[in-house]
Amino acid sequence: MIYSPRTKTKTTQNTEPFIKRVKMDNWTAALLTGVACIVGYLVVRVKKINSLRQAEEKIKRARNRRDESLQRAEQAVLRYKQSHPTTDSAFILTLSLSELTKQLKEGSLTPEDVLYSYMEKTLAVNQKLNCCTEILLESLDQLTTVGSNKDGLLYGVPVSIKENIAFKDHDCSCGVIINLDQPAEKDSVLVQVLKKQGAIPFVKTNLAQALMSYDCSNPIYGQTVNPHNPQKTPGGSSGGEAALIGGGGSLLGIGTDLGGSIRLPSSFCGICGFKPTAHRLSLQGFRSICRGQKSVSSSPGPMARDVDSLALCMQALLCDHMFSLDPTVPPLPFNMEIYRSSRPLRIGYLENDGYLQPSPSMVRGVREVKALLEQAGHTLVPYAPLKISQIVPELLITGVYADGATTLLQKLKGALLDPSLKRQVFTHSLPKWFKKILSFLLKPVSPRLSSNVSAICGVRSVSDLWKQHAAVEDYIQETIAHWRSCNIDVLLSPMIGPASRLLHADKVSTAVSCTMLYNLLKFPAGVVTVSTVTAKDEEELKHYKGCYQDSFDKSLKEAMTGGEGLPVAVQCVALPWQDELCLRFMKEVEQLVKESKK
């Protein structure tokens, strides 16, 4: 019964069709909603499957290109050996860079003999270490024209280059799938200069995915291993370079260094590596993931077996040709007089910066080198970096991730992730509000982890970014003033080591305090191998506690365990634009260590 609106009297009306219609509408809506959800899920699923299939196809093409280049190089080497049976490849591989360039200039060796000898060795090393992403077959063609650059300082020298360095018609993927199938339109400035100086870039080397790990692995080219122990990482991100040189497949390479990416792999693989003053060498044609980040500077630099090779490479690169190709680089030629100087130095030294407690082998390395330097007539004075526990989160980590890692996550969105990056990407992907709460909750139990979690949230505004940049400028000036108050020429400091276990690279993240610090400061810094891990070092490592005795310290100890026999290095640092002095100090360390072992 319902009331008629006109008569206001009760009338009888059959309501069943109306109720049925309402029920049908509800069921229809529910059904349509369900169908829409299923369709939406299927669409997302199909997109994901297609995206995964496209990624797999890209990876397959990249690996096919690598395999084809390796096969063609192997065939070329075989043909050359058959037609030149008297070539003494074993002898060529023993020559230092200075000895090799001398014999090439004199004509007692030909660029062909040298290139094919190193190409053969590279192929053998790559089979063991998986350190190469592609043989640059254009190097074989370059042999026909290299004679026009016979006056170059690197005439006829085969050079390896990190995968993110532009070489015409080849990818610079940075180990990230989205960057595949985008071959460079032209050579990077440094590649152009190398060629002008007579060098022959002949191979690209593996790197960490997104250049953001102290390991050397990515989903495209796989895991590179350490030449001294395949259970250990070669370090990252320039790990392919370090592994190839450490394994004898190259005698000179070019890497890049944002937070130790040249120095750490050089230390792990037992070679020498040099990060020049920021902007001393051109970065044009070098691909990065977080381009535009300005607080912590990336630098390209040489990696080699000895310091003289690093110096010769710097001398070759710092030429009018580079200054012409990239006018943003200061036209400062290499000062050989400073490099060859023998005046006594006043050297600062540190064993523990208060953030990273060095491993026993690291401390021993510094102490032994300190003693050798004092015996040689140099003056050693204690030195400690300023406010290191504060600047690591506030300037280093916040600087690199000022955007809250948005750019990094965008590059990796939907991509296959390397195991070395999974934990990092997961943490970055958490909502900002959650990270802030997590940081607050962690503060009483793990202050260092708390400050780091807060730091990866980035800055809140452009105004805050400017303040951060200003804080970096202030810290650089404070450090230079502190350096000068100590009246030191150069600094001797520990270098992270020994090499960490595979899949443990993320556990040595505290190394940023002894490596990335000098990217922030824009100071030149290099590493020299000085020793190997002893059984006593390994025994003392069992009692390692760390500066904070937190999860970072426990992880570091775990990562470095089992390093007996692996290389130990020290780090040499100088003020900005004093690259030659830094290299001279490295050479001094190298010579004294060599003489002490006779």
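Residues are classed by relative accessible area as buried under 20%, exposed over 50% and partly exposed in between (1.4 Å probe, protein chains only). The structure is a predicted model, in which local features need pLDDT of at least 70 and side-chain atom pairs count only at pLDDT 80 or more, while totals for chains, interfaces and linings use all residues. Residues are numbered from 1 along each chain as its sequence is written, and side-chain values use heavy atoms, with hydrogens and water left out.

Cysteine 486 is buried, at 17% relative accessibility. A disulfide is defined as a pair of cysteine sulfur atoms within 2.5 Å, and by this rule the count is zero. Cysteine 216, in particular, takes part in no disulfide, the nearest cysteine sulfur being that of cysteine 131 at 8.5 Å. Cysteine 216 is likewise buried, with a relative accessibility of 0%. For cysteine 486, the closest cysteine sulfur belongs to cysteine 572 and lies 17 Å away, too far for a bond.

Helices (H or I, at least four residues) and strands (E, at least two) are taken as DSSP runs, numbered from the N terminus. The axes of helix α13 (residues 388-400) and helix α17 (residues 447-455) come within 9 Å of each other and cross at roughly 40°. Axes are lines fitted to C-alpha atoms, for helices over the stretch in contact, with angles from 0 to 180 degrees between N-to-C directions. The two helices α13 and α17 are therefore oblique to each other; angles under 35 degrees count as roughly parallel, over 145 as roughly antiparallel, 65 to 115 as roughly perpendicular and the rest as oblique. The contact (heavy atoms within 4.5 Å) involves Pro393, Ile397 and Thr398 of α13 together with Ser451, Asn452 and Ala455 of α17.

Two cis peptide bonds are described here. One joins glycine 236 to serine 237, with omega about 5°; serine 237 is placed in the loop between β7 (222-223) and α7 (239-246). Another runs from glycine 497 to proline 498, with omega near 5°, and proline 498 belongs to the loop between β13 (490-494) and α19 (516-521).

Positive phi values in residues other than glycine were also examined. Leucine 211 has phi near 60° and is located in the loop between β5 (200-205) and β6 (217-218); this leucine 211 is buried, at a relative accessible area of 14%. Lysine 522 shows phi near 65° in the loop between α19 and β14 (525-532). With 23% relative accessibility, lysine 522 is partly exposed.
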